[in-house]
Amino acid sequence: MTRIGLIRLVVVIVAVGALELACRLGLINHNVIIPPSEMASALWTLLASGTLNAEIERTLGMIALVIAISIAAGFAIGCVIHALPRVREALDPFFATYYAVPVFIFYPVLIAIFGLSIMPIVLIGVATAVVAMIIATLNGLDRVPRVLAKVARVHRLGRIATALQLQLPAAAPYLFTGVKLSVSYGFIAVIAAEFILAPAGLGRDISEAYADFDNRRMYALILFILIVATLVNAVLHGFDMRLAQRRSGGRA
Amino acid sequence: MTATRRAADTLVILFALLVSWELLHKIAGETALPAPLPTLVYLLHNLTTPRFLANLTTTALELGYALILSYGIGLAIGVWMGAHRLSGAVGEPILVSLYSLPKITLYPVVLLMFGLGISGKVAFGALHGILPVALLTMGAIRTIPQVYLRSARTMQLSPWQTIAHVLLPAALPEIFTGLRIGFTVTLLGVLLGEMFASKEGLGSMIMNAVQLLQGEEMMMVAIVLFAFAAIANGLLLWIEHRLHRRV
């Protein structure tokens with residue numbers, strides 16, 4: 001491990017340790033934050049009991065569905081828009097503003113329309129995540145070097161072969177940025193929707209545990225979601241690094 | 001010519017949005033989603049009611065306080081991590097992974113610490129805003145040409161003078177990008193806070209409207225928030241472009 005990585009680890013350990021100490025010494029009220037060790041043991045008990053399995057399946061499955069739809073639809077829509085310059089020009093200001101307006105405020109509206117089911121959650125998740133993928137696809141296709149079109153002609157490649165063998169690899173890093181953002185947004189939107197108002201799911205479990213003053217359960221669930229989100233982000237980050245390394249010919 | 005064409009295209013898309021709203025209204029029914037025109041009429045009639053104004057003021061106040069915290073703390077962390085290489089190298093991945101977490105899971109913790117009143121929502125808004133402001137400020141300060149810092153040292157400027165007269169002016173356009181994104185996510189944080197366990201503010205107003213099946217009110221609040229966020233973002237973007245051209 002590098003020196004900087006070591007320092008980072010120490011910083012994190014000291015921070016968690018300080019929180020543990022402050023809780024144990026009573027500097028932080030037990031009703032506000034429980035010691036991290038208790039969070040971990042509560043999570044362990046909860047996971048071992050198996051009562052959480054259905055909720056985990058439901059929430060993670062929904063997030064996976066949202067991400068899959070967002071990536072597939074975002075890529076397809078991005079390709080179509082890229083082929084229609086006039087439409088794209090008209091849509092550009094909307095894309096530029098999209099993440100500046102609180103789209104999530106439409107979640108209750110979706111509940112009013114579709115009722116309290118998984119439909120509003122999936123829709124708000126896709127609405128949050130899909131535009132990042134569209135923008136990334138447009139960016140990626142923009143950056144495909146013009147010379148590749150000539151290469152394709154020289155090699156007499158068909159349209160599909162050009163797309164698969166030349167354009168897709170050239171756009172891949174930008175597409176991956178879109179994937180990363182979609183994953184992150186999908187996570188955030190689904191959990192937030194469940195937390196605010198939903199029939200079931202981990203997010204709703206947290207808000208219920210909060211309402212019941214069940215701090216052990218609440219912190220166990222929070223810890224679980226934070227761990228899963230961090231792991232997923234770390235995997236994507238690692239993949240991103242490898243992509244960057246490959247692009248620079250292994251020199252990075 | 002191109003400007004008018006672009007404006008026309010934008011209008012066409014706005015019109016398409018209105019049409020799809022109307023279609024959705026036809027499918028969903030009157031109580032779930034009212035038609036565009038009655039909603040606009042309702043909006044114009046109710047923009048000045050005391051109840052709406054009170055909620056608007058609450059949200060504005062919360063956003064204001066949350067922005068002061070986001071900008072203050074975010075800039076402090078960003079300048080520190082940008083100027084001090086080791087802190088930046090150690091801290092950046094930590095900040096990045098915190099940034100991509102679903103912060104809503106931490107809202108109960110914020111509520112337990114700060115209570116159900118205005119301070120909880122302010123803290124939650126700030127929690128959203130601090131990280132992007134800090135990250136973009138750090139990036140901005142890191143990309144300042146070394147020669148500026150060397151000249152600051154040659155002129156024997158104190159650390160504070162270096163920050164005030166060299167670092168901040170040189171990094172201003174990029175820092176401003178951070179402030180703009182910070183504004184967006186702080187607003188989102190405040191609204192999310194209001195949507196859960198809150199009795200005041202536009203976010204709680206929209207939740208109430210849904211529960212009472214008041215479609216017009218629900219859409220009215222959404223439209224006002226959208227318009228406000230879009231205009232604010234446009235304004236900040238305009239300032240940002242000017243700053244970029246100045247440097």
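What covers the buried residues of H5(B)? The cover includes H8, H9 and H10 of chain A, together with helix H6 (118–142) and helix H8 (159–195) of chain B. The model is predicted: local features need pLDDT of at least 70, side-chain atom pairs count only at pLDDT 80 or more, and totals for chains, interfaces and linings use all residues. Residues are numbered from 1 along each chain as its sequence is written, chains are lettered from A and ligands numbered from 1 in the order in which they are written, and side-chain values use heavy atoms, with hydrogens and water left out.

Helix H5 of chain B spans residues 107–114. Helices are DSSP runs (H or I, at least four residues), numbered from the N terminus. Within H5(B), B:Tyr107, B:Pro108, B:Val109, B:Val110 and B:Leu111 are buried. Buried means under 20% relative accessible area, exposed over 50%, and partly exposed in between (1.4 Å probe, protein chains only). Just after H5(B) comes B:Gly115, with a positive phi of about 85 degrees.

The interface of the two chains was then examined. In chain A, 49 residues are in contact with 48 residues of chain B. Contact means heavy atoms within 4.5 Å. The size of an interface is often given as the accessible area lost when the parts come together. Between chain A and chain B, the buried area is about 4,500 Å². This is the accessible area (1.4 Å probe) that two parts lose on being put together, summed over both. Carbon and sulfur atoms give 82% of the area.

One salt bridge is found across the interface of chain A and chain B. It joins the side chains of A:Arg86 and B:Asp9 (2.9 Å, N to O). The rule asks for a side-chain nitrogen of Lys or Arg within 4 Å of a carboxyl oxygen of Asp or Glu. On the side of chain A that touches chain B, H1 (3–24), H4 (85–98), H5 (107–114), H8 (159–196), H9 (202–211) and H10 each supply at least two residues. H10(A) gives the most, with nine residues. The residues of this side divide into 38 nonpolar, seven polar and four charged. Ala, Val, Leu, Ile, Met, Phe, Trp, Tyr, Cys and Pro count as nonpolar, Asp, Glu, Lys and Arg as charged, and the others, Gly among them, as polar.

A:Ala234 lies in helix H10 (residues 215–247). It counts as partly exposed because its relative accessibility is 45%. A:Thr59 lies in helix H3 (residues 53–83). A:Thr59 is buried, with a relative accessible area of 0%. Leaving aside neighbours within four places in sequence, A:Thr59 is in contact with A:Val190, A:Ile191, A:Glu194, A:Gly201 and A:Leu202.
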